[in-house]
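Trainee: Could we go through this structure together, slowly? I would like to learn how to talk about its residues.

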Amino acid sequence: MKAFRIDTHGAVAPFGGPVGSMAVGGTTLVAVQEIALAEAGFTLVASPPEGEPYLLFSDRTWFTSTILKRMKTAGLGRLQIADDDWLAWTGSLQDWPEPGLYELAVVHGAPSFEDVPPLLLDVDFNEVDLAEVHPSMKHAKPRPYVVASAMAHQIDHWSHIVRVNKLVLANRLEEARDDWDSAGMIGRIWRIFKVLWKAKSLKSWRIAQALNEVGEDVTIHPSAVVEFSVLGAGVTVGPHALVRGSILGPGTTVDSQAIVNASVLSEGSKVGRQAHINLCTLFPGAMVSAGDGHQASVFGESAFVAWGATLMDLSFGSTIKVERHGPGSERVDAGTHFLGAAIGHRARIGHGVKLGYGVAVPNDAFLVDDGPLLKTWGDCPVDGPAIIEDGQAKPKR
């Protein structure tokens, strides 16, 4: 079956540019769409087919190959997923005519989603079992997080880049689960044998390392730990670094003692010494230095975050408000208590800067900490506490 992509001419603030260029899966949304299409047996064409049914999708819609395979056999209609738990944790800020109705359809005729009847697919979701870190964080997970191998999501806001990349990582697990369930007894034995042969051990950590997908010319220091991750060509992982459940695009660097967990790094990006990122996405060329730990954030192309910057990510009060269409636009509810920040393309965040949760920094911004800086001690006594005023130490009154 053929497939045709509609260009919505949309952009995602603060990054701008075509929505298809957003960082997904270590590459771009467009590239990930085309991989899923090929895996599902679709042929992408430059003009709408005539006289035959075809798959119609928009440039802002992420989908898995499994959902495409199901649509191919389900007949005409526009994909709709109505699972309450799925909509509760993925639905915020997506521009839908109605909940769960995606810009993904099998149509016959003009390339339009208007008046295409819903195609309600029953997806067998699995709940993600997240360990409770601390009871005080329980409010940040009010509903179950559910995933499946058959998923779709539109990218209409920068927070969706965070969420879609979570789904990309979860889809690796779900596809492995589906493969296991369909393998049969002999197939399962063969899969176990292959993993154990590669691990050459029954130790759990060696098995986790055996599940990595490693490209050419990858350098992993012997003291580093890399588990269940995808490493593209030319990746470098430094001494005592930890990479777990992540995708590292070609030429990326994880420096010494850095931690990369459930994150996606695009080509040429870098996580600096002792830096810690969790559930983050880096565009090509971005660099994140050590700070107070960066979570659920997006770092734009060639963006730079200096040592000691802080990106807040957890609200203990109301759900987090974000700017709907980028810096200066109306603030709306993101429907979550857990969300970091978006750092625009080529933006620079200096040492000591603190960003609130849900903040979007524009492209090319340069943000520095203007707090008091000691330049000379002066004649301030040392027998009591001192503060900084006009660059000098002064007794605290």
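Mentor: Let us begin with Cys380, which is buried with a relative accessible area of 6%, where buried means under 20% relative accessible area, exposed over 50% and partly exposed in between, using a 1.4 Å probe and protein chains only. This is a predicted model, in which local features need pLDDT of at least 70, side-chain atom pairs count only at pLDDT 80 or more, and totals for chains, interfaces and linings use all residues. Residues are numbered from 1 along each chain as its sequence is written, and side-chain values use heavy atoms, with hydrogens and water left out.

Trainee: And Cys280, is that buried or exposed?

Mentor: Cys280 counts as buried, at 1% relative accessibility.

Trainee: How many disulfides does the structure hold?

Mentor: It holds zero disulfides, a disulfide being a pair of cysteine sulfur atoms within 2.5 Å.

Trainee: Changing topic, which residues of helix H1 are buried?

Mentor: In H1, residues 29–39, the buried ones are Leu29, Val32, Gln33, Ala36 and Leu37; helices are DSSP runs of H or I with at least four residues, strands are runs of E with at least two, and both are numbered from the N terminus. Seen down the axis of H1, these buried residues fall within an arc of 140°, so they line one face of the helix, the arc being that of the directions from the helix axis to the C-beta atoms.

Trainee: Why would that spacing give one face?

Mentor: An α-helix has 3.6 residues a turn, so residues three or four places apart point the same way.

Trainee: What comes just after H1?

Mentor: Gly41 does, and it takes a positive phi of about 85°.
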